[in-house]
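Subject: Structure handover

Hello,

Here is the structure I said I would pass on.

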Amino acid sequence: MAKVLSRDDFYADLRARIAEHAGQVTTVFAELDDARLAWRPNPREWSILHCFDHLNLTFDYYRPKLVNALARPVPVGGRDVYQASGWGGFYMFFSLNPRFSFPTAAQITPDPTPERSAFVAYLARQEELLRFLADARRADLSQTPIPVEKGIRFNLGDVFRFLVYHDEVHFMQARRVLAVQSAASPAR
């Protein structure tokens, strides 16, 4: 991930990734039957539906923070770029790196038995994320603060980037579940 991106490159990257994710939902995952979507490699790992339920809950956690930030953004200033904040860069390095694994916070832990409707909900949230990105064109991505946890602030760009790149981590996880499942039962 580049440390500094022009606003145009930042938005183009996120929009392309959102479109790719939406395409995978409709062409890969939504085509699977309920048994394949609910299958887990072992009881400690998530199913494909768990991954999508988690992504929906993560978006729901950040939604009010985005709404608040976009209601009172810092206007675009002299530098027309996105640069990760200290906390945002640190958080993204560890949370988006597959070598590291952290327990999932309770508010974003998926339901024990998520439903297929997680796909429809995911696609709706991606449309909402695209609207947030459009609204953010008037905001300074690096200077508009977003309190995330007590004592921890990201900037607006960090939250957008985290949401999209975090999705990518769990898309890879869902594809791994599908690959393990296919290898375990090649007759499918």
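By class, 5 nonpolar, 2 polar and 2 charged residues make up the lining of the largest cavity. Please keep in mind that this is a predicted model.

The cavity first. The structure has 1 cavity of 30 Å³ or more, and the volume of the largest cavity is about 50 Å³. Its lining consists of L55, N56, F59, Y122, R125, Q126, L129, L163 and D167. Two or more of these lining residues come from each of α3, α5 and α6, and α5 provides the largest share, with 4 residues.

Next, the nonpolar cores. The largest one contains 31 residues, and the members that touch the most others are F10, Y62, L66, L156 and F160. Elements giving two or more residues to this core are α1 (7-29), α3 (48-71), α5 (117-135), β3 (145-149) and α6 (156-184). Of these, α6 gives the most, with 7 residues.

What is F160 in contact with, leaving aside its neighbours within four places in sequence? The list is F10, L14, L66, L129, F132, L133, A136 and L141. Two of these names, F10 and L66, also stand beside F160 among the core members that touch the most others.

Regards

Key. Residues are numbered from 1 along each chain as its sequence is written. This is a predicted model: local features need pLDDT of at least 70, side-chain atom pairs count only at pLDDT 80 or more; totals for chains, interfaces and linings use all residues. Side-chain values use heavy atoms; hydrogens and water are left out. A nonpolar core is a set of buried Ala, Val, Leu, Ile, Met, Phe, Trp, Tyr and Cys residues joined through side-chain atoms within 4.5 Å. Buried means under 20% relative accessible area, exposed over 50%, partly exposed in between (1.4 Å probe, protein chains only). Contact means heavy atoms within 4.5 Å. On a 1 Å grid over the protein atoms alone, a cavity is a set of points where a 1.4 Å probe fits but cannot get out, and a pocket is an open set with protein on both sides within 12 Å along at least five of seven lines; lining residues have an atom within 4 Å of a point. Grid points are joined across faces, edges and corners, and a volume is the space filled by probe spheres set on the points. Ala, Val, Leu, Ile, Met, Phe, Trp, Tyr, Cys and Pro count as nonpolar, Asp, Glu, Lys and Arg as charged, and the others, Gly among them, as polar.
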